[in-house]
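My notebook is open, and I am going through this one chain by chain. Here is what I looked up, in order.

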Amino acid sequence: MTEREDIDELAAEYVLGTLPAAERSAIAERRLTDANLDQALSKWEQRLAPLLEAVPPVAPPEKMFEKIQSRIASSSSVISLQQHRRALAKQTRTWRIAAGGMTALAASLAGFILWTGAATHSSQPTYVAVLQEESQKPAFLMTVNMKTHMCSIKTVTPRPDPDKNYELWMVHEDLKQPMSLGVIAKSDMEEKPMVSYVDPDLNMNATFAVSLEPAGGSPTGAPTGPVMYAGRLVQSTQ
Amino acid sequence: MDALLARVARGDSDAFEALYQASSSKLFAVALRILRNREQAEEVVQEAYVKIWSRAGDFKPEIASPITWMAAIVRNRSLDEVRRKAGRVFVNDGELDQLESDDESAIALLERQDDVARLKRCLDGLEAEKKKMVCLAYLDGMSREELAQKFDKPEGTVKTWLRRSLMQLKGCLEQ
């Protein structure tokens, strides 16, 4: 079987819906960077969509549109991945504008993960950020201890290609350009120092973003690859 | 709907409301059929419209029709949801032959009447059991495991049948 046929079969079954959860999320992730797969998926979506004619419309709940509107209003500062890509293609200035809020899902997830004790048992002030692509599943969980100025990065889902690295950036309107916090190790959990001389308020109001860079990190000191994930800190312990 | 989506991409909220009015009963039905739970379906559809609003600029009219693009967002979220948990209760079977259109689905239908007829003809070319499997998977979100139980076949057989049926459909549609 050729590689292309293989991709096409996977795409077909993804769109049909019968792939198991793990394969589904692997495909959804790969789709973002694999143009062949994306095209195969789009074609299958188009091929099978006429079947939806067999589903008789059902009136949605009342007030659903109002709820959608208020969601949009409250998430208008949430970073759009697409906006980020465009911004990067243009200029880093846009980064400062893109610094935005964290979704309710991310906030509740961060709370949940901490509640289950997966992140830290420290009694010191601890802050956590879920770095994710909009409201998709989280990719990295970042925990910051403001006293020790250490942060830990837990990798939840992604694995970059062997010749690429994820790099962590802090984005804030007071910074002229995104500040690198270094390449993220390809291990499940990593501890690294925060930039200690910056104001804690700046940390709290910054957006933390992860870009895909060549092996070893950005060669220029500024993000060169696509921004894959982003999030902001929330306080998790007193 | 193409024009509406293009306006939504430019941040036109009137166009967004019009798009919602034209598509929400269809998208809600699609989610409800897979999730079998009104609350979950509402949640998924709300999320989907937020995504439609923020990603309308990614829509490529040369690749998909608007309703296909929007329905894919809803289906993917719904399927991710049901694949994560097991043991749904199926009250009734998916019936492909309910192909009657009413006022609202007519909007979507207008775009693709030919496509519907063609896909139906190609589905009719599959053996009855396989056609039913494909429809239950696509429309009701049944997993391989659920299909295996329903049709009393090993999961491996279900997987093979589905893939072969899909390739047969592709061949038929490309004729």
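I started with the order of elements in chain B, which runs α-α-α-α-α-α-α-α from the N terminus on. (Helices are DSSP runs of H or I with at least four residues, strands are runs of E with at least two, and both are numbered from the N terminus.)

A note to myself before going on: this is a predicted model, where local features need pLDDT of at least 70, side-chain atom pairs count only at pLDDT 80 or more, and totals for chains, interfaces and linings use all residues. Residues are numbered from 1 along each chain as its sequence is written, while chains are lettered from A and ligands numbered from 1 in the order in which they are written.

Next I looked at burial in chain B: 43% of its 175 residues are buried. (Buried means 20 or more other C-beta atoms within 10 Å of the residue's own, exposed means 12 or fewer, and partly exposed is in between, with C-beta atoms placed from the backbone.)

Then I zoomed in on one helix pair. The axes of H1(B), residues 2-9, and H2(B), residues 13-35, come within 8 Å and cross at roughly 140°. (Axes are lines fitted to C-alpha atoms, for helices over the stretch in contact, and angles run from 0 to 180 degrees between N-to-C directions.) So I wrote the two helices down as oblique to each other. (Under 35 degrees is roughly parallel, over 145 roughly antiparallel, 65 to 115 roughly perpendicular, and the rest oblique.) Who touches whom here? H1(B) brings Leu4(B), Leu5(B), Arg7(B) and Val8(B), and H2(B) brings Ala15(B), Phe16(B), Ala18(B) and Leu19(B). (Contact means C-beta atoms, placed from the backbone, within 7 Å.)

On to chain A. I found eight helices and eight strands there, and 39% of its 238 residues are buried.

How confident is the predictor about chain A? The average pLDDT is 72, and 66% of the residues score at least 70. (pLDDT is the predictor's confidence in each residue, from 0 to 100.) Confidence is lowest in H6(A), residues 93-98, at a mean of 31, and highest in H3(A), at 93. I flagged residues 76-124 of chain A, where pLDDT stays under 50.

Last entry: the contact between the chains takes 37 residues from chain A and 57 residues from chain B. On chain A's side, H4(A) gives the largest share, six residues.

Note on methods:
Two residues are in contact if their C-beta atoms, placed from the backbone, lie within 7 Å.
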